Amino acid sequence: EEMVPEKVEARTIMVVDDSITIRKVTARMLERNGIQVMLAKDGIDATNQLIDTKPDLMLLDIEMPRMDGYELATYIRNDSRLKDVPIIMITSRVGDKHRARAIELGVNDYLGKPYQDAQLLEAIQRQLEEKGISLT
């Protein structure tokens, strides 16, 4: 039977950060680039939203109250429905130790704060392309 190509919908990216400023700024930048954005203020908020929606990619801050980025990444990687969602961690902690721990958890990429928008978009594009998803 012939494969019907799926309708190309906007890519959905979940941004998980406890800073409202960072959530707003990141969301605006992503939306300008035609990406749909879901926002979560910490890991608990994120897991509640993930029950109904599976984003194309997740941007996670490491340091958050209640459930941090490491815990959330672990949760995602252990959930059969979500485990293949690419995760990019964004953190002010750029030590090798943190990077190593993130990679061990199965995080796909790791960006230090502050970063350039172009850098983030490039990282997102790289991850989505590996999944066969194009941003444009």
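**Entry 1. Strand S4**

I began with S4: Ile87, Met89 and Thr91 point one way from the strand, Ile88 and Ile90 point the other way, and all are buried. Buried here means under 20% relative accessible area, exposed means over 50%, and partly exposed lies in between (1.4 Å probe, protein chains only). I noted the general rule that in a regular strand the side chains alternate between the two faces of the sheet. S4 is mostly covered, with five of its five residues buried. Strands (E, at least two residues) and helices (H or I, at least four) are DSSP runs, numbered from the N terminus.

I noted the source: this is a predicted model, in which local features need pLDDT of at least 70 and side-chain atom pairs count only at pLDDT 80 or more, while totals for chains, interfaces and linings use all residues. Residues are numbered from 1 along each chain as its sequence is written, and side-chain values use heavy atoms, with hydrogens and water left out.

**Entry 2. The sheet**

I looked up the strand order. The open sheet has five strands in the order S2-S1-S3-S4-S5, with parallel pairing. Two strands pair if DSSP finds at least two bridges between them. At the edges I found strand S2 (36-40) and strand S5 (109-112), each pairing on one side only. From one strand to the next the twist averages 20°. The angles run from 0 to 180 degrees between N-to-C directions, and the axes are lines fitted to C-alpha atoms, for helices over the stretch in contact.

I then went through the pairs. S1 (residues 12-16) and S2 run parallel and are joined by five bridges. Threonine 12 stands opposite glutamine 36 in S2, and valine 16 has alanine 40 in S2 as its bridge partner. S3 and S4 also run parallel, with four bridges. There, methionine 58 has isoleucine 87 in S4 as its bridge partner.

Is S1 covered on one face or both? Both: Thr12, Met14 and Val16 on one side are buried, and so are Ile13 and Val15 on the other.

**Entry 3. Helices on the sheet**

Helix H1 (residues 20-32) lies across S1, S2 and strand S3 (57-61), and runs at about 165° to S2. Helix H2 (residues 43-50) packs on the sheet and touches S1, S2 and S3, its direction making about 130° with that of S2. Touching, or contact, means heavy atoms within 4.5 Å.

Not counting residues up to four places away in sequence, threonine 47 touches Met67, Leu72 and Tyr75.

**Entry 4. Nonpolar cores**

In soluble globular proteins, nonpolar side chains tend to be buried together. A nonpolar core is a set of buried Ala, Val, Leu, Ile, Met, Phe, Trp, Tyr and Cys residues joined through side-chain atoms within 4.5 Å.

Which members of the largest core touch the most other members? Of its 21 residues, they are Val16, Met58, Leu60 and Met89. S1, S2, H2, S3, H3 and S4 each supply at least two residues of this core. H3 gives the most, with four residues.

I followed up methionine 58. Leaving aside neighbours within four places in sequence, methionine 58 is in contact with Met14, Val16, Leu50, Leu72, Ile76, Val85, Pro86, Ile87 and Ile88. A second, separate core has 18 residues, including Leu30, Ile35, Ile90 and Leu135.

**Entry 5. Loops and single residues**

Proline 114 is in the loop between S5 and helix H5 (117-130). A cis peptide bond joins lysine 113 to proline 114, with omega at about -10°.

Arginine 66 is in the loop between S3 and H3. Arginine 66 has a positive phi of about 70°, although it is not a glycine. Arginine 66 counts as exposed because its relative accessibility is 58%.

Arginine 81 is in the loop between helix H3 (69-77) and strand S4 (87-91). Its relative accessibility is 35%, so arginine 81 counts as partly exposed. Not counting residues up to four places away in sequence, arginine 81 touches Leu50, Ile51, Thr53 and Lys54.

Last, I looked at the rings. The charged end of arginine 101 sits over the ring of tyrosine 70, 3.8 Å from its centre. This term requires NZ of Lys or CZ of Arg within 6 Å of the ring centre and within 35 degrees of the ring normal.
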